[in-house]
Amino acid sequence: MAGNLKFGIIQGQSSKWLRDFKVKNVKQSGRQLIYRLSDPVLKGGEVTVNAVALSSSDGLIIEVSAEKIPADIFLFWSYGGAYGEALEKTGNGSLRPVYC
C-alpha cells in the first residue's frame, strides 16, 4: 500500500532526480533521517531532505530545503504505485497496472 515517492529538480528544460545527487552527509536519530545532497547543478549549494516517521501510525513527514542554490531551480516530486489494500510480499518488487 505504500507507493513510491521521488524528488527531483528542474532547471530550464533539464531535470534530475535527487537520488542521482552526491550524498554529502546522512544523519539518523530515532525516527528522523536527514540527507545533505550536492550536485554541480547547484553551483556549490546543497539540498537537505529531512524525513521523520510518524509515531502513532504508518507514514512520514518530509521537509526538503535548499541553501545557496541558483534562483532558477525548482523542486518537483512524483508519487505512484499506491494501492488501497495491503499487498502480499512477493519479493520481486513488481507493480501491476491495477496498483496505479
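In what order do the four strands of the open sheet lie, and in which sense do they pair? The order is β3-β4-β5-β6, and the pairing is antiparallel. Strands here are DSSP runs (E, at least two residues), numbered from the N terminus. Two strands count as paired if DSSP finds at least two bridges between them.

The model is predicted: local features need pLDDT of at least 70, side-chain atom pairs count only at pLDDT 80 or more, and totals for chains, interfaces and linings use all residues. Residues are numbered from 1 along each chain as its sequence is written, and side-chain values use heavy atoms, with hydrogens and water left out.

In the four-strand sheet, β3 (22–29) and β6 (60–67) are the edge strands. Each of these pairs on one side only. Neighbouring strands of the sheet are turned against each other by 15° on average, direction ignored. Axes for such angles are lines fitted to C-alpha atoms, and angles run from 0 to 180 degrees between N-to-C directions. Within the sheet, β4 (residues 32–38) and β5 (residues 46–53) pair over six bridges in the antiparallel sense. Tyr35 stands opposite Val49 of β5.

An open sheet of three strands has the order β2-β1-β7. Its pairing is antiparallel. Strand β1 (residues 4–11) runs antiparallel to β7, and eight bridges join the two. Gly8 stands opposite Phe76 in β7.
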